[in-house]
Amino acid sequence: MKLLIHGRNLEITPALRDYTQTKLERATHHFGNAVREADVHLSVARNPRVPQQTAEVTVFANGTVIRAQERSENLYASIDLAASKLARQLRRWKERHSDHHHSHGHSASTTPATEAVTDDSQVDGSLLQGREAELPDPGVRRKYFAMPPMSLEEARRQLDLIDHDFYLFRDKDSDQLQVIYRRNHGGYGVIQARG
């Protein structure tokens, strides 16, 4: 598995790198070759009154983006919590993926690909051909996604896997961009352009 580890307000020591790698390998080893890449962001809050240390893990499993983020007062505890959450989400993804494909007779190649590329310094230069390198605005992180059309149900499943409050997708029927989000009082909502 390809592992990228980024640190914010901290140095990534060999011990921290080894610990993170060990935890993620344990969390993903039951899923064979489905998980080929993991992107980890470790950060420490600058405010000494807020002892908050965050571990954010994004994995790419057969074209599906799965994300887990946890915060605690200890970075190693945050890594443990994020790895456990990731293992649960991967289990849920595998169950849904196998149930969906076995019950409808689809093959694994019909899974929509949603590969993410961020503008971090680790991005392969071949992906940026034709674009001039520039620094992003402070506080703004850009992400670029392939957005194959998908149904509302597929988008809802993807939202459950990425651990965000919303998910932007291209609707299979209208080919329009839409946003599905979690409502505060339960359920989901969809934002779409007025036709």
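Buried means under 20% relative accessible area, exposed means over 50%, and partly exposed lies in between (1.4 Å probe, protein chains only). The close-ups below come from a predicted model, where local features need pLDDT of at least 70, side-chain atom pairs count only at pLDDT 80 or more, and totals for chains, interfaces and linings use all residues. Residues are numbered from 1 along each chain as its sequence is written, and side-chain values use heavy atoms, leaving out hydrogens and water.

**View A. Asp175 sits in a loop between two strands.** Asp175 is partly exposed, because its relative accessible area is 42%. Its phi is positive, about 60°, although Asp175 is not a glycine. Most residues other than glycine have a negative phi.

**View B. Asn9 lies in the loop between strand S1 (2-8) and H1.** Here too is a residue that is not a glycine but has a positive phi, about 65°. With a relative accessible area of 38%, Asn9 is partly exposed.

**View C. Tyr19 and Tyr76 form an aromatic pair.** A search of the whole structure finds one such pair. Rings of Phe, Tyr and Trp (its six-membered ring) pair if their centres lie within 6.5 Å; planes under 30 degrees apart are stacked, over 60 edge-to-face, and the rest tilted. Here the centres are 4.8 Å apart and the planes meet at 80°, so the pair is edge-to-face. Tyr19 belongs to helix H1 (residues 14-28) and Tyr76 to helix H2 (residues 75-104), 57 residues apart, so the pair links distant parts of the chain.

Notes
Helix = DSSP H or I, 4+ residues; strand = E, 2+ residues; numbered from the N terminus.
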